[in-house]
Every structure is written in structure tokens, then in C-alpha cells.
Amino acid sequence: MSEHHHHWSYHDDHEHGPHHWGGDGEHQSPIDIDLAQVERVEQIDPIRFVNYERPVEGKFVNNGHS
């Protein structure tokens with residue numbers, strides 16, 4: 001597995017921190033979601049989780065972002 005380097009950070013003093021994400025600096029995410037383009041959809045059916053009873057195998061790495 002290769003190591004991924006992310007080009008953003010949540011640390012204010014980092015060169016890729018929130019002050020450099022663009023936008024108005026009011027949002028935590030580096031994803032710029034234009035709320036004027038968001039369409040609200042009423043959900044009729046409840047969310048149903050599937051296959052959560054099965055164990056997951058593999059290597060899990062904390063990359064500090066997710």
C-alpha cells in the first residue's frame with residue numbers, strides 16, 4: 001500500500017490550512033459546496049444499513065483526515 005500525501009490540513013498555521021482553502025473561510029471542509037445549487041430531497045424510506053454484521057478484514061491506517 002502506498003502512502004498518500006494530502007494537500008490540505010485542518011491546522012491554521014499549516015501552508016495548506018483553512019486560510020488557504022479559498023472561499024470565505026467560514027467553512028471547515030476543503031470542499032466548496034455552493035448552497036445555491038443544493039437541491040433538498042425529501043426522504044420517504046428510512047436509511048437501511050446492509051452487511052454491517054460481517055467482519056471487515058484488512059489493514060487500517062489513520063491518515064489524520066478521515
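These legends describe close-up views of a predicted model.

View 1. The chain contains zero helices and zero strands. Of its 66 residues, 5% count as buried. The chain exposes about 7,200 Å². Carbon and sulfur atoms supply 50% of that area.

**View 2. A nonpolar patch on the surface.** Four side chains build this patch: I31, I33, L35 and V38. Together they have about 440 Å² of accessible area. I33 is one of the patch residues. Its relative accessible area is 55%. I33 therefore counts as exposed, because the cut-off for that class is over 50%.

**View 3. The aromatic pair F49 and Y52.** A search of the whole structure finds one aromatic pair. F49 and Y52 form it.

**View 4. N51, a residue with positive phi.** Most residues other than glycine have a negative phi. N51 has a positive value, near 70°, and is not a glycine. The relative accessible area of N51 is 39%.

Note on methods. Residues are numbered from 1 along each chain as its sequence is written. This is a predicted model: local features need pLDDT of at least 70, side-chain atom pairs count only at pLDDT 80 or more; totals for chains, interfaces and linings use all residues. Side-chain values use heavy atoms; hydrogens and water are left out. Buried means under 20% relative accessible area, exposed over 50%, partly exposed in between (1.4 Å probe, protein chains only). Helices (H or I, at least four residues) and strands (E, at least two) are DSSP runs, numbered from the N terminus. Accessible areas come from the Shrake-Rupley method with a 1.4 Å probe; for residues, only the protein chains shown count as cover. Patches are made of residues with over 30% relative accessible area and no salt bridge: like charges are joined within 9 Å, nonpolar side chains (Val, Leu, Ile, Met, Phe, Trp, Tyr) within 5 Å. Rings of Phe, Tyr and Trp (its six-membered ring) pair if their centres lie within 6.5 Å; planes under 30 degrees apart count as stacked, over 60 as edge-to-face and the rest as tilted.
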